[in-house]
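Here is a short walk through one protein model. Keep the 3D view open as you read.

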Amino acid sequence: MKDDFLTLTQMDSGVHYLDDSDEWVFFHWLASITCVGKFFGDGARGLVVQLRHAPDDDELMHLLALCHRYGVKARQLARFETDANREWLRRSTAWWYAGLFGDAG
């Protein structure tokens with residue numbers, strides 16, 4: 001169960017790289033997020049990202065920004081909402097809100 005909670009899938013779904021260096025930046029950025037343990041391609045699950053731990057606020061913001069920049073659906077990041085981050089994460093005027101919570105928020 002813990003592994004499922006810390007596993008993100010389809011992290012490449014919808015990504016369109018503009019050139020080879022853009023692809024390099026995507027993976028370099030992903031690898032630089034401290035909570036990211038490893039990532040790999042896995043057929044139907046697409047790009048799988050295994051986290052070392054639940055992201056703190058800074059790490060979550062980096063994951064949200066990465067998803068926003070590359071068009072990755074961020075909805076699965078909503079599982080990392082906590083009492084401590086709910087106030088800023090649920091700000092309905094924030095650029096990440098629609099992608100994270102959509103109409104369900």
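Start in helix 5, residues 97–101, which holds both tyrosine 97 and phenylalanine 101. They sit 4 residues apart, about one turn of the helix. Bear in mind that this model is predicted.

How exposed are these two residues? Buried means under 20% relative accessible area. Tyrosine 97 is at 13%, so it counts as buried. Phenylalanine 101 is buried too, with a relative accessible area of 5%.

Now look at phenylalanine 101 from its ring face. Arginine 90 lies over that face, at 3.8 Å from the ring centre. Arginine 90 also has a polar partner: its side chain makes a polar contact with the side chain of glutamate 81, at 3.0 Å. Glutamate 81 lies in the loop between helix 3 (57–70) and helix 4 (86–89). With 17% relative accessibility, glutamate 81 counts as buried. Its contacts include Arg90 and Phe101.

Next, the aromatic rings. A pair of aromatic rings is described by the distance of the centres and the angle of the planes. The structure holds 10 aromatic pairs. In one of them, the ring centres of tyrosine 17 and phenylalanine 27 are 6.5 Å apart and the planes meet at 40°, so the pair is tilted. This pair links distant parts of the chain, 10 residues apart. Tyrosine 17 is in the loop between strand 1 (7–8) and helix 2 (20–32), while phenylalanine 27 is in helix 2. Tyrosine 17 is partly exposed at 22%, and phenylalanine 27 is partly exposed at 27%.

Tyr17 and Phe27 also belong to one aromatic cluster with Phe26, Phe39 and Tyr70. Finally, find tyrosine 70: the charged end of arginine 69 sits over its ring, 4.2 Å from the centre.

Notes. Residues are numbered from 1 along each chain as its sequence is written. This is a predicted model: local features need pLDDT of at least 70, side-chain atom pairs count only at pLDDT 80 or more; totals for chains, interfaces and linings use all residues. Side-chain values use heavy atoms; hydrogens and water are left out. Helices (H or I, at least four residues) and strands (E, at least two) are DSSP runs, numbered from the N terminus. Buried means under 20% relative accessible area, exposed over 50%, partly exposed in between (1.4 Å probe, protein chains only). A polar contact is a pair of N or O atoms within 3.5 Å; within protein, one must be able to donate a hydrogen and the other to accept it, and residues adjacent in sequence count only if both atoms are side-chain atoms. Contact means heavy atoms within 4.5 Å. Rings of Phe, Tyr and Trp (its six-membered ring) pair if their centres lie within 6.5 Å; planes under 30 degrees apart count as stacked, over 60 as edge-to-face and the rest as tilted. A charge sits over a ring if NZ of Lys or CZ of Arg is within 6 Å of the ring centre and within 35 degrees of the ring normal. Lists of a residue's contacts leave out its neighbours within four places in sequence.
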